[in-house]
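This report sets out what can be read from the model shown below. The account moves from the chain contacts to confidence, and then to individual elements.

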Amino acid sequence: MVVSRSRLRQGLAKITVYVVLFIAVIVALFPIALIIMNSFKERKAIFRHPMTPPLPDTFSLIGYEKVIERSNFGLYFANSLIVTLGSMFLILFLGAMAAWALSEYDFKGNAFLGIYLALGIMIPIRLGTVSILRLMVKLNLVNTLWSLILVYTAMGLPLTIFILTSFMKQVPKELKEAARLDGASEYRIFWMILPLVRPAIATVAVFTMIPIWNDLWFPLILAPGEKTKTVTLGAQQFLGQFVSDWNAVLSSLTLAMVPILIIYILFSRQIIRGLTAGAVK
Amino acid sequence: MATIRPKRKRKFPTHILVFLAPATILYTLFMIYPLFDSMRLSFFSLDKQGNEFFVGLQNYITLFTNELWWPRLWGAFKHNVIFFLIHMVVQNSIGLLLAAILTSRLVRGVGFFRTTFFMPTMLSFVIVGFIWELILSPLWGVAKDILGVFGLEHLYAPWLGLEGPALIALSFISVWQFIGIPMMLFYAALIGIPDELIEAATVDGASGWKIFWKVKFPLILPTVGIVAILTYVGNFNAFDLIYTTQGALAGPNFSTDIMGTFFYRTFFGQQLQLGNPTMGATVATVMFLIILAGVLVYMYGFQRRVDTYEL
């Protein structure tokens, strides 16, 4: 009797839990699905039957044709890719070097430098925008992709150095000492250690990549020129301009969204493992 | 050999410099220097030729007492507090609930659910803002149709265009987007709890509900603190969503204006008002102080007290 009651209770708990999860899945996915679905429909169908998927008689690519014709999405994509990959490379490479020095060598000022470099984790770099813009004007970097890469690198370094330092401290001493006995230079040893912290680097890569790709603030202020627009800024302005052209708006949203979703779904295991590992640290 | 040693020790090893210099220089030049320079600029004004001159606290006095500035600052701050509170209450408790469910061992396919709930977080504010603008638009009527399914059609209103509900609607849109982050942080903390602790409680006959609140929740308090401070810093620095959906003027009638949009308007300008870099720097410094206050409360008021419970 007792057993069956507890079983019943567990069964009820299970049902409740799945109902909650089901609702949450709908809430998370429905808006995304709705946009993608309607981007493949003709105008009338978008308004008359927003909830039905595109059928043979309502299917249309007119929105995509318009977007490709009237905007430079290809260029914006290239810009976003250059900025994101360039910043990522600098963040990971320079961050790993600094983290290695902080974790490996005992020198005067090590603790101070560690704190100094960690300050930026909590302070949003946006608060320095007025001076960043003035600095970029002086350096003649306004409306260049470099201005974005440099700012994003500075923005990403603190957390990267913080996380990588704690991971590099865990690399066994024997490995490094053996290499030193073999006469390897410090640079060689750093190069040798790097692959050992690959999981941590992947974590950091995810943490830093998403905000850079999605950022609107700095492209808007530092590189608003047509030639240097990123996808996020380009989409924002295109959407603002064609707000009444529903086909174009839905298609450009889909175009801006789908690449990220594909990358996310392909790498979601690694991304989530990285996030949870990073959170435990 | 012994005689050279002391000299060698004093010299800073080159390889350490090579490792540290690039990151430190970039970070100092593009992050630390601008932050301090902004604070310095808040004590200056610009003349017509664009030359700086020292004005002491005048910018702050203007910001806090001028009848054109003060209502905007106070409004932005107030809206930002509401924005933050909605995130704290709604986003973080739903995040905790989902994480608790996913770690309760009642569920199969945890990976699928985690991936799904985190998906909106991957999208940019711009995309999220427009998606919801379309869904809530009275032209399309999707929101109305959905309410209609539950017979609640009469509750629909073009929320983003109404002074009262716009800020709340935007807060919920932002919650929708970022729910994945607290969920993931809580999830990581909850799976980190040793099984023995939970088993011991189960043997003692405690229910799942009781185990969660009496055993698990006290153990993840440090994560609660981290989530709270991340939410605080993120919210008081938010900009993109409001700018995308409501524009730089944070309409209707400034009712969705938060610190980030106020800062942008002040220093970059908008239709009717020229940008003012030094006033912008002043607003940025005020934002810095607000964020700093939150971080200090977290560090001294929360983190220290909670550390004792850590495993």
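## Contacts between the chains

Two residues are in contact if their C-beta atoms, placed from the backbone, lie within 7 Å. By that criterion, 67 residues of chain A touch 64 residues of chain B. Helix α1 (residues 2-38) of chain A contributes the most to the side of chain A facing chain B, with 13 residues; helices are DSSP runs of H or I with at least four residues, numbered from the N terminus. That side of chain A comprises 54 nonpolar, 10 polar and 3 charged residues. Here Ala, Val, Leu, Ile, Met, Phe, Trp, Tyr, Cys and Pro count as nonpolar, Asp, Glu, Lys and Arg as charged, and the others, Gly among them, as polar.

## Basis and confidence of the model

The model is predicted: local features need pLDDT of at least 70, side-chain atom pairs count only at pLDDT 80 or more, and totals for chains, interfaces and linings use all residues. Residues are numbered from 1 along each chain as its sequence is written, while chains are lettered from A and ligands numbered from 1 in the order in which they are written.

The model scores ipTM 0.88 and pTM 0.89. For chain B the mean pLDDT (the predictor's confidence in each residue, from 0 to 100) is 88, and 94% of its residues reach 70 or more.

## Domains and nonpolar core

Chain A is divided into domain 1 (2-62) and domain 2 (71-241), with bounds from an automatic or database domain assignment. Their centres, taken over C-alpha atoms, are 38 Å apart.

A nonpolar core is a set of buried Ala, Val, Leu, Ile, Met, Phe, Trp, Tyr and Cys residues joined through C-beta atoms within 7 Å; a residue is buried if 20 or more other C-beta atoms lie within 10 Å of its own, exposed if 12 or fewer, and partly exposed in between. The largest such core has 151 residues, and A98(A), V151(A), L164(A) and I127(B) have the most contacts inside it.

## Helix α7 of chain A

Of the 24 residues in α7(A), 21 are buried. The helix, residues 145-168, has a kink of about 35° at L157(A), shortly before the proline P158(A); the bend is the angle between axes fitted to the seven residues ending at a residue and the seven starting there. Beyond four places in sequence, the contacts of L164(A) include G95(A), A99(A) and V204(A).

Conventions:
Helices (H or I, at least four residues) and strands (E, at least two) are DSSP runs, numbered from the N terminus.
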